[in-house]
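Thanks for making the time this morning.

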2 protein chains.
Amino acid sequence: MNGAELLIKTAIEAGVEVCFANAGTTELPIVTSLDKTSGIKAFLGLFEGVCTGAADGYGRMLDKPAMVLLHLGPGLANGISNLHNARRAKSPVLTVVGEHATWHRDADPPLAMDIESLARTVSGWWRTSKSAPEIGADVLEAITATRLGQVATLIVPHDYQLAECGSSNVKTSDGPFDSLDSHAIKAIASRLRGSRKVALMLGGRALRRPGLDAAVRIQKAIGCDLLTQTFPGYMERGAGLPIVERLPYFPGQATAVISRYQVVLFAGAPEPVAFFGYPGFRSRILTDEQERMTLCTDRQNVVGALENLADALGAPSHLPIGDNLLAGQERQAIPDGKLTAEKACLTLAAMQPENAVIIDESATSGYLYFAPPPWLPAYSFMTLTGGALGLGIPCATGAAIACPDRPVINLEADGSAMYTVQALWTQAREGLNVTTLICSNRSYRILQVELVHAGNTSPGPNAQALTELTKPPINWARIAQGFGIPGVTVSTAEDLAQELSNAFTEPGPHLIEMVLP
Amino acid sequence: MNGAELLIKTAIEAGVEVCFANAGTTELPIVTSLDKTSGIKAFLGLFEGVCTGAADGYGRMLDKPAMVLLHLGPGLANGISNLHNARRAKSPVLTVVGEHATWHRDADPPLAMDIESLARTVSGWWRTSKSAPEIGADVLEAITATRLGQVATLIVPHDYQLAECGSSNVKTSDGPFDSLDSHAIKAIASRLRGSRKVALMLGGRALRRPGLDAAVRIQKAIGCDLLTQTFPGYMERGAGLPIVERLPYFPGQATAVISRYQVVLFAGAPEPVAFFGYPGFRSRILTDEQERMTLCTDRQNVVGALENLADALGAPSHLPIGDNLLAGQERQAIPDGKLTAEKACLTLAAMQPENAVIIDESATSGYLYFAPPPWLPAYSFMTLTGGALGLGIPCATGAAIACPDRPVINLEADGSAMYTVQALWTQAREGLNVTTLICSNRSYRILQVELVHAGNTSPGPNAQALTELTKPPINWARIAQGFGIPGVTVSTAEDLAQELSNAFTEPGPHLIEMVLP
């Protein structure tokens with residue numbers, strides 16, 4: 001076998017099943033190898049940000065890496081933004097980038113770039129393979145890094161892809177985690193027993209059902225509140241799951257929430273900081289007086305740590321669904337009349353099907369979707385973790401490929417949607433069950449809000465040009481149709497309800513432009 | 001004034017007139033400043049690659065920098081591919097990137113990235129401003145770098161944008177060029193007088209009319225041929241201008257062309273290398289036996305060097321338009337019948353208006369457009385210099401903003417078009433005279449060709465999935481309409497001629513999908 005075949009065979013043996021790709025000439029041996037050993041299905045993205053965002057969505061859903069295959073430096077560059085979001089989501093993504101043949105690189109051909117400088121900006125692990133036989137071990141090291149919730153980037157020169165090498169005899173490494181420190185966890189337990197007003201700040205795998213189960217046990221034992229960061233990568237929510245409050249976006253509001261607590265225990269979540277540095281506000285949301293405890297490192301298993309802590313606190317091992325668990329209570333009524341952002345969120349909440357996956361990149365419009373107590377069937381919820389616009393449509397694409405039997409709903413701002421709109425085509429090609437709800441307020445509304453915050457209350461023509469999405473308005477239905485997706489425009493809650501009903505009934509992707517004030 | 005105002009005021013004083021922007025919260029002081037001092041008009045791109053590609057197109061047309069304004073690391077990352085193309089085109093681009101406030105950066109907020117690592121991959125000059133008062137000098141240094149044909153990237157922390165500082169009193173620096181070495185040029189002249197079979201390889205500013213005039217004088221004096229690289233950034237062509245041959249794309253063909261010559265004199269062009277490293281072919285197209293001479297460095301004025309060389313060769317100072325100059329000879333007839341790539345190219349050549357600007361990102365489909373002797377009125381011709389797909393639509397947008405009175409024609413592959421399709425909206429908003437011709441062969445045809453070259457003659461399902469753009473076909477007319485542009489689909493040469501006639505007559509942008517086999 002050659003290096004490309006070794007790469008694919010090793011990835012398959014390590015459990016990789018999908019590859020989101022936009023390949024070029026330097027990756028063709030890998031493309032050819034994808035058909036030589038069965039086990040990986042390739043999905044074409046018409047732009048690299050589609051591929052990386054889809055891999056992030058897939059990784060968040062299944063907690064296992066998809067492979068991404070990109071073309072040289074420019075291909076990686078186009079995928080960086082969504083790799084940045086994946087990094088902030090602690091999502092497992094295996095990125096493979098072709099490189100010019102080693103003997104050709106010094107000639108500085110037109111496409112040559114410093115690929116490693118790009119890779120290091122988003123990757124917890126990155127390497128350029130040094131020979132064909134080493135590619136097997138490189139792939140396994142990369143996959144081990146992804147299991148710690150990292151983006152891993154492997155750069156593979158074209159001549160090494162083509163070079164003959166021995167067959168794969170690399171063993172999958174052991175689990176990626178460092179062992180837990182039971183003494184430290186017991187010490188935390190005894191500190192917590194003497195503390196009042198504790199917030200348990202959950203992140204990463206702690207927001208999946210096993211972590212949440214353990215968190216509820218801790219909550220019962222010490223009466224803490226459950227919080228998470230403003231933009232969690234993935235959380236499970238709804239009936240049978242506890243209420244976990246997200247910290248508000250603006251630092252003043254976030255400080256108001258966190259100031260209720262004397263102690264904050266971090267379990268898989270970073271210490272909260274302001275999204276931007278606003279004059280007059282601190283970077284960190286907690287004050288110096290508030291006590292911080294960290295349950296475990298990023299290299300330890302946070303779910304095991306939460307369970308150990310619950311045990312150390314003497315919490316009961318099984319809990320019935322209680323008062324603070326959302327038990328599929330009665331749905332709210334569907335609103336009517338001219339659509340607003342609030343009515344759009346309430347309509348969705350009222351109609352959301354069982355076992356849905358919600359990807360929220362709705363910026364200002366969708367904030368209310370999360371805010372009211374969600375008396376909803378259990379669902380998965382994902383957000384824009386790294387603030388790099390253009391996650392939603394690709395992430396929904398990857399989530400639907402990961403979980404083809406679940407309805408995927410992408411609540412998407414019109415500004416953000418445009419960054420990686422090409423992902424709609426992959427949804428059409430694969431017939432994915434994704435409903436894209438475009439929150440069409442025809443502006444970068446958050447920037448208009450921030451301009452006022454910054455004292456610019458009467459924007460001039462340039463500031464208007466850079467924050468309005470009018471002249472012309474984007475016709476989202478036409479764009480969806482251009483990509484092969486049924487697209488409609490609605491401006492009342494009744495019409496939205498009707499179109500949602502259609503979308504949730506008919507298989508395949510749908511796009512609904514919700515015209516909002 | 002504050003740092004943001006100093007930045008804009010300095011840029012205006014240095015001659016910057018346009019800003020292609022996709023700003024965020026960290027750039028809002030700069031956005032506000034764009035309305036405080038008149039002189040720069042801002043253009044919104046709905047994706048950062050639109051902004052950087054438009055700046056490249058503007059810079060190639062006017063040989064002066066546009067400003068680009070981008071949001072933090074992810075914004076720069078999204079713009080990198082087209083900055084890479086600009087770098088390879090030696091196009092002047094001033095990139096300004098906002099950064100978190102210096103006091104906020106260490107908190108590692110969600111959008112934080114290593115912006116300088118991104119910037120260095122494409123920039124001849126880059127810097128993070130160290131204080132508000134220094135921003136003026138930073139901008140001028142950056143602009144000086146652009147005048148050498150470089151991308152210059154200035155990163156400006158938010159707190160320095162807001163900080164008060166003195167007014168701008170920085171003087172524009174002298175011209176960017178090192179002085180010419182007249183002894184070296186005379187030595188080249190005497191070597192050339194004794195040489196047979198000389199190729200003059202032109203690049204950069206040498207492909208504009210003053211450089212071409214000097215090249216023709218040299219040609220008359222020593223009988224050399226005029227060549228340029230496969231993908232020149234900008235060249236003037238057609239009636240009254242000399243024939244300059246482009247080197248073919250594949251190394252075997254390029255070697256066949258270059259092997260005619262004993263001596264190759266480089267004037268603003270790099271030594272030609274294969275686009276990719278193909279097994280069995282060398283990286284460099286010239287053999288070791290061929291003599292190479294370099295007329296001047298990248299930091300010297302190539303036009304002056306060509307003129308000095310013509311003088312040193314005793315060439316006549318004025319030349320009538322001669323046999324080898326394209327004197328607006330009779331146009332070819334318009335073909336008819338079912339469209340092919342060749343017929344599409346011939347139809348365009350037959351109908352191309354006076355003084356057109358052609359942006360060619362057509363990959364395999366449009367290669368024939370350049371190939372036959374172009375008996376055309378004078379026009380400007382631009383190509384995909386760096387191989388990073390997605391240049392065409394943004395570049396056409398910037399070219400039309402630079403030269404609103406010239407018809408801009410973008411010959412665009414369907415695969416490439418999709419990378420930065422959002423630029424169509426900016427064309428609609430600004431009412432630009434751009435005709436986009438989508439070469440819709442519904443495949444990554446070049447990759448299909450390369451797969452066969454690489455020995456994969458019966459691609460499996462994964463290789464097919466990654467090279468075909470069918471299932472579903474993209475409906476380009478709908479997509480154009482979604483962005484506010486009249487869009488049509490044609491499949492015969494007659495219909496193409498009719499639609500071209502409409503597009504060249506009606507003001508504003510048009511898109512024509514040419515369905516090709």
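When I say that two residues are in contact, I mean that their C-beta atoms, placed from the backbone, lie within 7 Å. Please keep in mind throughout that this is a predicted model.

With that cut-off, 80 residues of chain B are in contact with 80 residues of chain A. On the side of chain B that touches chain A, the largest share comes from helix H4 of chain B, residues 72-88, which supplies eight residues. Sorted by class, that side of chain B has 44 nonpolar, 26 polar and ten charged residues.

Let me stay with chain B and turn to a sheet. Five strands of chain B form an open sheet, in which the order is E11-E8-E7-E12-E13 and the pairing is parallel. At the edges lie strand E11 (245-246) and strand E13 (291-294) of chain B, each of which pairs on one side only.

Next, a pair of helices in chain B. The axes of helix H10 (residues 209-222) and helix H12 (residues 302-312) of chain B come within 9 Å and cross at roughly 25°, and because angles under 35 degrees count as roughly parallel, H10(B) and H12(B) are described as roughly parallel to each other. The crossing in which H10(B) passes H12(B) is left-handed. As for the residues that meet there, H10(B) contributes, among them, Ala214(B), Ile218(B) and Ala221(B), while those from H12(B) include Val302(B), Leu306(B) and Leu309(B). Taken by class, the residues of this contact are ten nonpolar, one polar and two charged.

Finally, chain A, which is divided into domain 1 (3-162), domain 2 (182-325) and domain 3 (328-515). Taken over C-alpha atoms, the centres of domain 1 and domain 3 of chain A are separated by 30 Å, and the contact between them takes 26 residues from domain 1 and 25 residues from domain 3 of chain A. Where on domain 1 of chain A does the largest share of the side that touches domain 3 come from? It comes from H3(A), with eleven residues, and that side of domain 1 of chain A has 14 nonpolar, eight polar and four charged residues.

Terms used:
Residues numbered from 1 in each chain as written. Chains lettered and ligands numbered in written order. Predicted model: local features only at pLDDT ≥ 70, side-chain atom pairs only at ≥ 80, totals over all residues. Helix = DSSP H or I, 4+ residues; strand = E, 2+ residues; numbered from the N terminus. Nonpolar A, V, L, I, M, F, W, Y, C, P; charged D, E, K, R; others polar. Pairing = 2+ DSSP bridges. Axes fitted to C-alpha atoms, helices over the stretch in contact; angles between N-to-C directions. Parallel < 35°, antiparallel > 145°, perpendicular 65-115°, else oblique. Left-handed = near helix turned anticlockwise from the far one by under 90°. Domains from an automatic or database assignment.
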